[in-house]
Amino acid sequence: MNAKRVLDIFKEITAIPRESGHEGPITDWLCKWAADRNLECKRDKTGNVLIVRAAAPGKESVPAVVLQAHQDMVCEKNAGVEHDFRKDPIRYVIEDGWMIAKDTTLGADDGIGIAACLALLEDTAPTGRVECLFTISEETGMDGAEALESGFFSARTLINLDSEDEGQLFIGCAGGLNTNIRFNVGRASLAGLDGSPLRLRIYGGAGGHSGDDIDKGRGNAVQLMARFLYGCLSGGIRLISMTGGGKPNAIARECEAVVFAPDAKKLAAAFRSFGEDIAEEFHRTDPGLSCEAQRLEPGQFASAFSVQSTRRVISALFSAPHGVLAMSQDIPGLVQTSTNLASIKTAADGRSVEIATSQRSSSTSERRAVAAKVRAVFEAHGATVRHLYEYPGWNPDMNSRVLALTVDAYRRLFGTEPEVKAIHAGLECGLFLQKFPGLDMISFGPTLRGVHAPGEKLELASLDKFVALLDELVRNFG
């Protein structure tokens with residue numbers, strides 16, 4: 001197995017639609033790929049796929065190993081970019097040693113894991129039994145791992161290929177859950193009121209992964225818009241609509257609010273001044289962060305949120321927690337608990353608002369306490385709240401056999417020590433451990449940057465080392 005073949009397969013994968021919840025095309029492609037190579041393959045009713053290469057002659061006594069990656073990708077694009085993730089291939093460039101999708105997500109999370117599995121399956125090097133598991137909808141709730149039936153694979157060692165820093169071996173992760181909020185909005189006529197509508201837009205944030213990047217201090221466009229609007233409530237503004245953010249596991253890069261203002265000129269000037277303030281605040285983490293205000297035609301909107309509904313929604317958003325809430329007491333530098341104010345969307349009829357948040361923690365009690373705090377904030381302002389998609393964390397095991405084997409392989413290959421770490425992002429390993437008690441696991445991958453945001457990129461030099469390590473580990477597993 002070599003890195004060029006892995007990259008070639010990944011390039012094929014970038015042309016296959018695989019948005020979370022719509023993995024049918026990649027699922028079918030995986031099954032056909034196995035059939036074309038006469039490999040054992042099965043698909044469960046959820047859409048998880050297992051492809052198996054039998055042990056080579058003389059390797060039957062080597063313990064089986066299962067490699068795991070998820071089929072879906074986070075589908076995010078920059079505002080104004082025309083791209084349909086349900087049918088359009090990902091556009092990428094190779095530049096300065098990186099493979100980059102400049103206007104969308106690349107999908108190397110976790111398409112590169114899929115590609116590595118397939119390259120190893122078709123390789124001719126003799127190994128023990130190799131099982132490759134491809135789960136669905138990891139990014140939106142780990143649905144595939146949650147629905148995985150006992151006995152779907154036989155190996156007692158699992159290598160997860162969904163990490164994003166070469167040279168780091170992960171043996172633990174945070175658990176998480178989503179908390180979704182709904183406001184029913186009262187509307188009132190604008191007839192007879194002095195003022196005009198204004199479109200406010202915050203854009204150009206760096207965004208990123210709500211687990212890996214939550215500690216980097218990046219601006220959250222939804223939170224920033226709420227901060228500005230809260231300061232304007234005494235001026236009599238009324239919300240007409242507010243939309244921002246995207247997926248629950250991505251930090252909001254953009255947010256747009258349409259408001260009715262008694263003095264639109266004054267509000268626009270205040271917003272531009274606010275833009276200068278936040279550009280200075282986030283000049284290192286979000287150098288592209290910008291604000292713009294656009295005057296709209298008077299009379300363009302017949303109604304807006306009522307004064308009470310405007311105050312409820314804005315006050316709740318401004319009060320809602322976001323960011324790192326606790327650091328690990330055991331592992332220096334590791335985020336233990338965080339929450340992400342991910343997105344807001346106003347319904348087409350303007351009568352409801354949906355808000356998505358997500359909470360992560362390596363402590364189940366802390367994760368649920370933070371989710372309860374988010375619930376309390378929004379319920380206090382009259383919203384209805386529900387929790388969903390909870391998944392467990394994965395506690396580190398320093399006595400893991402596969403950890404010892406992987407560290408030894410890394411030393412042999414590169415003459416240096418890898419870092420052994422836990423990660424604040426969520427991996428499916430916690431769910432696997434619930435369904436397969438005693439499963440020995442590790443996670444590693446090549447270096448990715450900007451995952452869950454446009455501009456996601458894969459470092460090609462790190463791909464060489466990732467592939468070499470995986471090949472060495474599987475070849476010598478016995």
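Start by selecting residues 457-459, strand β23, together with β22: the two pair in the antiparallel sense over 2 bridges. Pairing here needs at least two bridges found by DSSP. Strands are DSSP runs of E with at least two residues, helices are runs of H or I with at least four, and both are numbered from the N terminus. Now show side chains at arginine 449, which stands opposite lysine 457 in β23.

A word on what you have open: this is a predicted model, where local features need pLDDT of at least 70 and side-chain atom pairs count only at pLDDT 80 or more, while totals for chains, interfaces and linings use all residues. Numbering runs from 1 along each chain as its sequence is written, and side-chain values use heavy atoms, with hydrogens and water left out.

A contact means heavy atoms within 4.5 Å.

Next stop: helix α3, residues 108-122. Its 15 residues should span 21 Å at 1.5 Å a residue, and its end C-alpha atoms are 20 Å apart, which agrees. The expected span is 1.5 Å times one less than the number of residues. Colour by burial and you'll find 14 of the 15 residues of α3 buried. Buried means under 20% relative accessible area, exposed over 50%, and partly exposed in between, with a 1.4 Å probe and protein chains only.

Now jump to strand β17, residues 335-346. Of its 12 residues, 11 are buried, so β17 is largely enclosed by the rest of the structure. Bring up its partners in turn:

- Strand β12 (residues 238-245) pairs with β17 in the antiparallel sense over 2 bridges; glycine 245 stands opposite serine 343.
- Strand β16 (residues 323-327) is also antiparallel to β17, over 4 bridges, and valine 324 has serine 338 as its bridge partner.
- Strand β18 (residues 352-361) runs antiparallel to β17 and is joined to it by 9 bridges. Asparagine 340 has serine 358 in β18 as its bridge partner.

Between β17 and β18, zoom in on the hairpin turn: 5 residues separate the strands, and glycine 350 there has a positive phi of about 75°.

Then select proline 298, in the loop between β14 (290-295) and β15 (303-305). Proline 298 is exposed, at a relative accessible area of 57%. Leaving aside residues up to four places away in sequence, it touches Ser196 and Pro197. Draw a distance from proline 298 to alanine 125, 173 residues apart along the chain: their C-alpha atoms are separated by 71 Å.

Finally, zoom out. The protein has 12 helices and 23 strands, and its C-alpha atoms fill a box of roughly 85 × 45 × 40 Å along the principal axes. Of its 478 residues, 57% count as buried. Among contacts between residues at least 6 apart in sequence, 79% join residues at least 24 apart.
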